[in-house]
Amino acid sequence: MSWGFLRDLLSGVNKYSTGIGRIWVAVVFIFHLLVYIVAAENIWKYEHDEFECNIKQPGCENVCFDHFFPVSHISLWALQLIMVSTPSLLVVFHVAYREKRERRHNRKLYRSPEEIDGGLLCTYLTSLILKMGFEIVFLVLFYKLYNGFKVPRLVKCDVRPCPNTVDCYISKPTEKMIFLYFLVATSCLCIVLNLSELGYLIFKYSIKCYLKRYIKKRQ
Amino acid sequence: MDWGALHTILGGVNKHSTSIGKVWLTVLFIFRIMILVVAAERVWGDEQDDFICNTLQPGCKNVCYDHFFPISHIRLWALQLIFVSTPALLVAMHVAYRRHEKKRQFRKGDQKCEYKDIEEIRKQRFRIEGSLWWTYTSSIFFRLVFEAVFMYAFYFMYDGFRMPRLMKCNAWPCPNTVDCFVSRPTEKTVFTIFMIAVSSICILLNVAELCYLLTKFFLRRSKKAGNPKHHPNHENKEETKQNEMNELISDSCQNTVIGFSS
């Protein structure tokens, strides 16, 4: 899987972020993306081959696997990574739009196209809210789809064509559970970082606004 | 495996490290990450496929494998390497923050700023003193803690560092006690001992670096306390040297500065 593009995107976003934003990029990059590529992909690589049911009935294993894993953990993890990184593109596009405008009008329209003020602030705040939203949505999805974050060793399956209730065994359940908890912890950390960045930006710009008004009044 | 990106990030930190820190980084990349990617993955690649139990009972092999290997050696090492490399990012962030501040001073046209070119700020190597010293020392401390925690977790989970050939398993649904055989136990033991040895060397290097930094700190403090008069002169000499260098650079880069300020 080619994650080079996502890596380049995250590095590009780093330029236009606040300090907390950069910490968020580092956390996503190292604890989310790198752990995914380096460890998680290999754990779930042969999950279907290693899923074993105590039956010789053809088709039963396939049907049971599909019943218990409608979307595999690892696919959800990959989707989450992509969706959570994408709102940052809004900021990149807005900055590019500003720079294009300055070039078209051939004069300085902004103090600095990269400085987070005015319209860019709204875009940045929107991207933060979207990021948080996606993280929460995926956490809830994980929880609902798999009844919590536990991976059981044994699941009992009675879907046709399995003749009766059949024991099916999941491979490496403990290792999968450890990495799922790791993912949940990282997601929670990312949500906390996004919340603090949101709070910091709102606080900073409301103080700025208030001071401007105060100075105008005095004048 | 995408360790190249981690290499890029940590390579930048290398510039601001002490000599022992540079040795540590080299040991980390060559003897740990490279060995992990090039050799260990091949050895552990077929670990579940070739884990064979003496039973035809479906599910027994899965359950026994999960019982004896809650988390695979290779994943534990990968996590250890990621956690051990992360504190260096603290230093990278601190350096980036300092550079950002200096660039802001330069852009404001601050008279106190001794740089004549923004490129100079980008290429400057910061000395490990002041707040950067604290960040650097904390990063070494965290590295030590992570190394120790992972080594202990390893020892605790696998009852030592040896990989046995045979394991006896009686977890349900295995009918009775069943013999299960691990694939390539000797090769795995060799690699495990190698990785543990290199971890220990890294711990020693970190301890040495910590002692070096603490010694330097206390020596500097005692120097300041002992010779307060000489210190400003010494600083002035360095400043004059830097100023002379800046003048030389500014003479040759006059156009760049004018272009930037307009």
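1. Conventions. Residues are numbered from 1 along each chain as its sequence is written, and chains are lettered from A, ligands numbered from 1, in the order in which they are written. The model is predicted, so local features need pLDDT of at least 70 and side-chain atom pairs count only at pLDDT 80 or more, while totals for chains, interfaces and linings use all residues; side-chain values use heavy atoms, without hydrogens and water.

2. Chain B overall. Chain B has ten helices and three strands. Here helices (H or I, at least four residues) and strands (E, at least two) are DSSP runs, numbered from the N terminus. The pattern along the sequence is α-α-β-α-α-α-α-α-β-β-α-α-α. Of the 262 residues of chain B, 44% count as buried. Buried means under 20% relative accessible area, exposed over 50%, and partly exposed in between (1.4 Å probe, protein chains only).

3. Sheet in chain A. Three strands form an open, antiparallel sheet in the order E1-E3-E2. Strand E1 (52–53) and strand E2 (154–157) of chain A are at the edges, each with a single partner strand, so one side of each has no neighbour in the sheet. Two bridges join E1(A) to strand E3 (residues 166–169) of chain A. Pairing requires that DSSP finds at least two bridges between two strands. A:Glu52 has A:Tyr169 in E3(A) as its bridge partner.

4. Strand pairing in chain B. Strand E1 (residues 52–53) of chain B is joined to E3(B) by two bridges, running antiparallel. B:Cys53 stands opposite B:Cys180 in E3(B). Four bridges join strand E2 (residues 166–169) of chain B to E3(B), again antiparallel. B:Lys168 stands opposite B:Asp179.

5. Surface patches in chain A. A:Lys204, A:Lys208, A:Lys212 and A:Lys216 gather in a patch of positive charge on the surface. A:Lys204 lies in helix H8 (residues 173–218) of chain A and is partly exposed, at 35% relative accessible area. A nonpolar surface patch of about 650 Å² is made by A:Phe203, A:Ile207, A:Tyr210, A:Leu211, A:Tyr214 and A:Ile215. A:Ile215 is also in H8 of chain A, partly exposed at 49% relative accessibility. Patch residues have over 30% relative accessible area and no salt bridge; like charges are joined within 9 Å, nonpolar side chains (Val, Leu, Ile, Met, Phe, Trp, Tyr) within 5 Å. A salt bridge is a side-chain nitrogen of Lys or Arg within 4 Å of a carboxyl oxygen of Asp or Glu.

6. Backbone points to check. Most residues other than glycine have a negative phi, and most peptide bonds are trans. A cis peptide bond joins A:Arg160 and A:Pro161, with omega about 5 degrees; A:Pro161 lies in the loop between E2 and E3 of chain A. Another cis bond joins B:Trp172 and B:Pro173, with omega about 15 degrees; B:Pro173 is in the loop between E2 and E3 of chain B.

7. Positive phi. A:Lys172, not a glycine, has a positive phi of about 45 degrees. A:Lys172 is in the loop between E3 and H8 of chain A and is buried at 7% relative accessibility. B:Asp159 has a positive phi of about 50 degrees. B:Asp159 lies in the loop between helix H7 (131–158) and E2 of chain B and is exposed at 73%.

Note on methods: Accessible areas come from the Shrake-Rupley method with a 1.4 Å probe; for residues, only the protein chains shown count as cover. Lys and Arg count as positive and Asp and Glu as negative; His and the chain ends are not counted. The place of a charge is taken as NZ of Lys, CZ of Arg, CG of Asp or CD of Glu.
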